[in-house]
Amino acid sequence: MSKLILFSLLFSLNLSATCSNNGPVELDKERPKKPNIVLILTDDLGWQDVKCYDIDEPSPFETPNIDRLAKEGVLFWQAYSPATTCSPSRGAILSGQHPVRLERTSVRGGHPPLPFNHGSTLISPWMRGALDASKVTIAESLKSNGYKTGHSGKWHVGIARTDEPLPEEQGFDFTKHGFGAHKRMADRTKGFATTDASDPFTLDEDGFPFDDITQDGIDFMDANKKDPFFLFYASRLVHTPIQTRSEALLRKYYEKLGLEYPKKNDMWDENGQKNAYYAAMVEMIDHYTGQLITYLEETEDPRWPGHMLIENTYVIFTSDNGGMERHTGEIITDNYPLDKGKINAKEGGVRVPLIITGPTIKPNAESNVMVNGVDFYPTILSWTDTPKDANQIFDGADLSTLLDKDPTDAQLVLDPETGEPRNTMMWHFPNSAMQSTLRIGGFKLVREYTVTEEKTDLALYQLYEKDSKRVDIEESQNLAEKMPEKTKEMNRLLTERLEKLNARYPYLNPTSKASLPNKSKVPTVVEHGIDGNNVWLKYKNNGAKVVKAELIYTTNGGIPGEIWFPITMNLRNDNVSVTLPKGTTHYVFNLIDENNYLIGYPDGGYQKTTKVFATKAIAVK
């Protein structure tokens with residue numbers, strides 16, 4: 001053997017250092033103890049929209065990058081969103097708390113209780129207009145542990161007009177909002193992106209429009225790779241509007257779906273996954289996900305020379321809720337075999353794709369363990385060895401042991417309250433869908449709120465046998481009459497869970513067009529007044545006793561983004577009173593009678609027409 005070959009062999013075997021701009025760096029040092037975290041949150045992506053989730057009928061949508069990601073880690077078949085809609089899910093994921101605890105159970109909020117439509121039977125209860133700024137987010141926890149924190153894309157943890165509290169107020173060093181390639185088109189049938197460099201949505205070499213949300217995420221990681229980083233990448237895809245800027249991609253799916261281009265009247269009313277625009281959108285979010293992962297795979301880790309960033313990065317890929325099956329009469333997608341979709345608490349509205357990869361997670365695994373978006377926060381704290389704040393409450397479970405040891409062993413997911421293996425999950429949507437849901441093991445109870453508690457509709461489904469053997473994930477066989485005792489007990493446990501979190505429920509509407517029982521007994525307001533800082537109201541008892549009264553007040557009434565809060569009023573005889581909170585500008589009285597009717601004074605109208613409630617409220621002079 002020549003001296004040169006021998007030297008080269010010895011050098012390669014004993015190499016322990018090399019040079020960089022900052023001097024010698026170790027190549028064989030251990031993986032840095034603080035891993036990077038990338039949370040990819042898609043918008044309205046359904047369980048059956050991702051190709052690797054094919055079950056029964058194969059999906060025509062193509063998601064090669066997401067499918068490849070699934071092979072690198074764990075794919076969860078029974079993963080759920082915290083809520084059936086966007087905003088409450090986002091707040092729950094960022095805080096690790098249930099939407100009921102956050103008092104954020106829907107998108108619309110921050111105003112006094114109002115019926116959804118004029119004459120509606122039920123009135124949605126009050127809920128916060130935004131995530132409480134005092135809640136400690138994932139970003140705030142990680143920032144306290146030396147992490148650089150970044151957000152790109154959608155935020156929406158507050159009311160749409162202001163979106164406060166803003167990301168920079170919740171622990172993010174970097175934040176950039178945007179619509180990316182999904183910015184609304186004037187006409188989705190024309191004006192597609194081109195390869196012209198001056199086009200803000202210029203097509204890349206693969207034919208996909210430039211997406212500034214994705215580029216912002218990559219830029220953040222690149223600027224902060226010398227430190228441990230957390231990226232919250234929140235795409236606008238695949239939310240409405242249903243459109244694509246890539247004509248080639250659109251034509252591809254026209255051809256794949258056997259349709260003649262262009263479609264007459266541009267209306268999509270075919271059942272199933274037959275919407276070519278939506279198919280293109282699904283492949284777009286797959287492409288942008290691939291760009292993020294490619295950056296991690298091809299970029300050397302400055303904290304771990306000789307290794308790529310992906311080797312020390314945990315990636316969570318999921319959706320904020322189930323797929324939106326229809327919108328404005330157009331069929332968008334189909335969550336079948338799951339029933340319903342976004343806004344509904346049945347499986348199609350809450351079951352979501354979830355893939356988790358990372359340095360301690362074995363590849364190519366699938367799991368039937370029941371998990372939820374509220375589990376991400378405590379899991380991330382374990383991965384990063386970050387302590388939680390004193391008195392911080394988590395409703396989610398730490399999944400790190402499950403992921404490290406055996407992703408198929410449900411016994412490794414412990415309930416944060418009891419410390420026992422978790423086998424239950426609860427949702428509460430007392431708003432437009434008017435539902436609450438409880439799953440225990442393979443059984444799921446769906447409570448539909450109707451006229452009175454006695455007439456509340458209960459449905460019981462057996463999704464699985466022993467949690468994993470498929471029985472009725474379609475929720476097509478209501479077992480409530482066949483199993484009355486189990487139905488009754490699960491309904492009791494659902495109420496117990498809700499009461500523990502101080503849940504609010506729908507009220508009956510005394511101005512409903514429907515003929516409702518005991519409506520004639522609803523109390524009527526006689527007069528009201530203010531004495532210093534004390535406000536009062538007198539009412540006439542018409543046969544139904546008032547059992548609760550609240551003052552709903554605001555300190556910023558009359559401006560876009562006004563936020564309202566409730567306080568309990570003193571109740572005695574036929575009058576109620578309370579001291580106005582400091583800074584109150586407007587207020588509304590709410591009386592609840594023994595039959596669950598809500599009397600609002602003054603009457604605020606209904607949600608679809610009331611833009612600024614203060615115009616109808618009582619102003620403090």
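This is a predicted model: local features need pLDDT of at least 70, side-chain atom pairs count only at pLDDT 80 or more; totals for chains, interfaces and linings use all residues.
Reader: What makes β3 and β9 a pair of strands?

Author: Two strands pair if DSSP finds at least two bridges between them. Strands β3 (residues 36-42) and β9 (residues 229-234) are joined by five bridges and run parallel, so they count as paired. Take isoleucine 37: its bridge partner in β9 is phenylalanine 230.

Reader: Why are β8 and β14 called edge strands?

Author: The sheet has eight strands in the order β8-β7-β9-β3-β10-β13-β4-β14, and it is open, with mixed pairing. Both β8 (174-177) and β14 (365-367) pair on one side only.

Reader: How do you know that β24 pairs with β23, and with β28 too?

Author: Same test: at least two bridges are needed. Seven bridges join β23 (residues 524-531) to β24, and five join β24 to β28 (residues 575-579), so both pairs pass. Each of them runs antiparallel. Tryptophan 536 of β24 stands opposite glycine 529, and its bridge partner in β28 is serine 577.

Reader: What sits between β23 and β24 in their hairpin?

Author: Two residues lie between those strands, and glycine 532 in the turn has a positive phi of about 70°.

Reader: Which side chains of β24 are called buried, and why?

Author: Val535, Leu537 and Tyr539, which point to one face. Buried means under 20% relative accessible area, so these three fall below that cut-off.

Key: Residues are numbered from 1 along each chain as its sequence is written. Side-chain values use heavy atoms; hydrogens and water are left out. Helices (H or I, at least four residues) and strands (E, at least two) are DSSP runs, numbered from the N terminus. Buried means under 20% relative accessible area, exposed over 50%, partly exposed in between (1.4 Å probe, protein chains only).
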